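This report goes through selected local features of one protein chain. The sequence and structure come first, followed by the notes.

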Amino acid sequence: MDFEQIIVGRIILEFLGASARFLGYNLWTLSNDNDFRTFSSFWSPSGNSQKKDDNSNRNHMIGVLFLGGFIMLLIIFNT
């Protein structure tokens with residue numbers, strides 16, 4: 001059971017991180033007239049395994065920050 005929870009938690013954090021990166025990057029491109037990137041380029045980019053691992057680590061880090069910030073906002077505004 002613990003193994004399944006670790007896998008599901010890892011997927012949720014990576015999805016949150018990729019979603020936050022996707023929204024942030026594409027909102028930034030609206031103001032700068034750059035090209036949009038697809039969600040799959042943040043979720044699982046093409047390239048070598050080192051690039052995929054770096055992208056996965058970045059998604060996890062941003063997912064943890066996003067989830068932590070969301071929980072802090074819930075604590076602050078619900079007290």
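## An exposed loop residue

Asp-33 is exposed, with a relative accessibility of 70%. In this predicted model, Asp-33 belongs to the loop that joins α1 (2–32) and α2.

The backbone of Asp-33 has a phi near 55 degrees, a positive value in a residue that is not glycine. Most residues other than glycine have a negative phi.

## Confidence

Across the protein chain the mean pLDDT is 87, and 99% of the residues reach 70 or more. Confidence is lowest in α2, where the mean is 84, and highest in helix α3 (residues 49–77), where the mean is 91.

## Aromatic cluster

Six aromatic pairs are present in the structure. One of them joins Phe-39 and Trp-43, which are stacked with 6.1 Å between the ring centres and 20 degrees between the planes. The angle of 20 degrees falls under the 30 degrees below which planes count as stacked.

Phe-39 and Trp-43 both lie in helix α2 (residues 39–43); because they are four residues apart there, about one helical turn separates them. Phe-39 has a relative accessibility of 26% and counts as partly exposed. Trp-43 is also partly exposed, at 30%.

## Arginine over two rings

Which rings have Arg-37 over their face? One is Tyr-25, where Arg-37 lies at 5.2 Å from the ring centre. The other is Phe-42, with Arg-37 at 4.2 Å from the ring centre.

## Helix α3

A nonpolar surface patch of about 890 Å² is formed by Leu-67, Phe-70, Ile-71, Met-72, Leu-73, Leu-74, Ile-75, Ile-76 and Phe-77. Ile-76, one of these residues, is found in helix α3.

Gly-69 lies in helix α3 as well. With a relative accessibility of 30%, Gly-69 counts as partly exposed. From Gly-69 to Ser-41 the separation is 28 residues in sequence and 24 Å in space, taken from C-alpha to C-alpha.

How values were computed. Residues numbered from 1 in each chain as written. Predicted model: local features only at pLDDT ≥ 70, side-chain atom pairs only at ≥ 80, totals over all residues. Heavy atoms only, no water. Phe/Tyr/Trp six-rings, centres within 6.5 Å; stacked < 30°, edge-to-face > 60°. Helix = DSSP H or I, 4+ residues; strand = E, 2+ residues; numbered from the N terminus. Buried < 20%, exposed > 50% of the residue type's maximum accessible area, 1.4 Å probe, protein only. Lys NZ or Arg CZ within 6 Å of the ring centre and 35° of its normal. pLDDT = per-residue confidence, 0-100. Patch = residues over 30% accessible without salt bridge, like charges linked within 9 Å, V, L, I, M, F, W, Y side chains within 5 Å. Areas by Shrake-Rupley, 256 points an atom, 1.4 Å probe, with all protein chains shown as cover. Salt bridge = Lys/Arg side-chain N within 4 Å of Asp/Glu carboxyl O.
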